[in-house]
Amino acid sequence: MHSVIPTPEQLAWQRDGLGVFFHFGLNTFHGKEWSDGTLPAASFNPTELDAEQWVQTAASMGAKYVVLTAKHHDGFCLWPTATTDYSVASSPWRGGNGDVVAEVAAACRKHGIKLGLYLSPWDRNAPSYPDADAYDEFYLAQLRELCSNYGELAELWFDGAGSQGREYAWDRISALIAELQPRAMVFNMGAPTIRWVGNEDGLAADPVRYVVTETEFSNYTVHSAALTEALYLPPECDVSIRRGWFWHPDDAPKELDHLLAIYYRSIGLGANLLLNLPPDTRGLIPEEDVKRVAEFSAEVRRRFAAPLPASLRALGGGKWVASFAAPVTFDHLRLEEVLENGQRIAGHRIFAEAGELLVDAGTVGSQRIHAFKAATARELVIQLEGEEPELASVTAYLAGVETVPEIKYLAPTEAPD
Ligand code: FUL
């Protein structure tokens, strides 16, 4: 079933590139990141919840998919599940008749955005949690509801936090997904098709390998899970626009430069970026976050607004020539690799005319973006390393920016409250 060659679904997911995470739930109303399952369901009461505002914000930045925390570690369900009373059905929101998952799913359909769902295996409310067999049935029933009632799912997000030393019924979970949502990407656990990048800062690092033999498990452990065979598992960089995953009144969105740095270190390295935008107690993405998202996407669009495509010629021995119609001046290059037969490019060097070395780097993958001091050339020589490496495209841009901004701060690795 698995192999080191991507499935068409994996390639499509990699081409989508950018997704938006929504962390929303009881935690939002209590300033918590990891509540313990005892907060009253009655305290879930967003006053102006508008899932379309969430999805429109995601769409406005070019995101192709969203992932919603249908159930976080506290066990509170954002849909009216039959498996527990600890859900929106026990809250005053929409008179107990609301369904956040359904509202987000409807907004996604309307705006042509794909839907993903996060269902935490660790559940701090479920009375059955200590009984592994009973909890497996409960969890499978929840997953069945989510996989049956909300249309096609693009991604199922399995979070390893809190589950150290615990084995879930992954065989049955995987069979259920294969039955009901065979095209969904599976994040990191069970029979994964995509993997965690290994930090919550949104940062991949060169080389970005799509074929791996183990996956990182959780930010709060040093545990990594060995795979029985090498698998094609492209990484997803998850990071919050704020310090917290959930909304807190005293938190604020990251600065524009920080978001741009994340962009270059995720999308620009051929990894997907899943940027978290936490809705507030009104049930809206706060205005300041919407504004920062608009600034961020405007700046990315500006930098890549005027593509200068090159035509490509392979000379053999991994040597390629990229030719422009006329001499061009550029400070950014974007490369794409042909991935249908697997990831082949292990390294690449790019020379301008007169042999000047512009770039000396590792993998290319779904896309690789380089920023450097402006250069002028009619032709570039690209030396690829790896077995039968193949470039799909090379495009130059003059963005007026020659360096990648610094990362301002990193996510804490201690377990949150
Ligand atoms: C972590 C969780 O513990 C955080 O609360 C958050 O959901 C993040 C995306 O994954 O492992």
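This is a predicted model: local features need pLDDT of at least 70, side-chain atom pairs count only at pLDDT 80 or more; totals for chains, interfaces and linings use all residues.

**Two helices side by side**

Start with helix H2 (residues 51-60) and helix H7 (residues 287-303), which pack with their axes 9 Å apart and at an angle of about 20 degrees. Why call them roughly parallel? Angles under 35 degrees count as roughly parallel, so H2 is roughly parallel to H7. From H2, the residues making the contact are Gln-53, Thr-57 and Ser-60, while H7 brings Val-290, Val-293, Ser-297 and Arg-301. Sort the residues of this contact by class and you get two nonpolar, four polar and one charged.

**A charged pair on H7**

Stay on H7 for a moment. Side chains of opposite charge can pair when their charged atoms come close. Glu-299 and Arg-302 form a salt bridge, and their closest N and O atoms are 2.9 Å apart. How far along the helix are Glu-299 and Arg-302 from each other? These two residues are three apart in helix H7, which means about one helical turn separates them. If you go looking through the whole structure, a search finds 22 salt bridges.

Now for the gaps. The largest pocket has a volume of about 590 Å³. It has 27 lining residues, and the closest to its centre are Arg-15, Asp-16, Tyr-263, Arg-334 and Gln-367. Which elements give two or more residues to that lining? They are helix H1 (8-16), our friend H7, strand S13 (319-337) and strand S17 (391-397).

There are also two cavities of 30 Å³ or more in the structure. The second largest cavity has a volume of about 30 Å³. Among the residues lining this second largest cavity are Phe-24, Phe-76 and Phe-246, along with Lys-71, His-72 and Asp-74.

Here is how the two linings divide by class:

**Stops in the loops**

Where does Gln-343 sit? You'll find Gln-343 in the loop between S13 and strand S14 (347-351). Skip its neighbours within four places in sequence, and Gln-343 is still in contact with Val-208, Arg-209, Tyr-210, Val-211, Tyr-232, Glu-337, Thr-363 and Gly-365. Thr-376 is another story: this residue is 33 residues from Gln-343 along the chain, and 30 Å separates their C-alpha atoms.

Next up is Pro-207, in the loop between strand S6 (195-196) and strand S7 (211-216). Is the peptide bond from Asp-206 to Pro-207 cis or trans? That bond is cis, with omega near 0 degrees.

Last stop: Arg-94, which lies in the loop between strand S2 (65-71) and helix H3 (100-111). Check the backbone here, where phi of Arg-94 is near 50 degrees, a positive value in a residue other than glycine.

Technical notes
Residues are numbered from 1 along each chain as its sequence is written. Side-chain values use heavy atoms; hydrogens and water are left out. Axes are lines fitted to C-alpha atoms, for helices over the stretch in contact, and angles run from 0 to 180 degrees between N-to-C directions. Helices (H or I, at least four residues) and strands (E, at least two) are DSSP runs, numbered from the N terminus. Angles under 35 degrees count as roughly parallel, over 145 as roughly antiparallel, 65 to 115 as roughly perpendicular and the rest as oblique. Contact means heavy atoms within 4.5 Å. Ala, Val, Leu, Ile, Met, Phe, Trp, Tyr, Cys and Pro count as nonpolar, Asp, Glu, Lys and Arg as charged, and the others, Gly among them, as polar. On a 1 Å grid over the protein atoms alone, a cavity is a set of points where a 1.4 Å probe fits but cannot get out, and a pocket is an open set with protein on both sides within 12 Å along at least five of seven lines; lining residues have an atom within 4 Å of a point. Grid points are joined across faces, edges and corners, and a volume is the space filled by probe spheres set on the points. A salt bridge is a side-chain nitrogen of Lys or Arg within 4 Å of a carboxyl oxygen of Asp or Glu.
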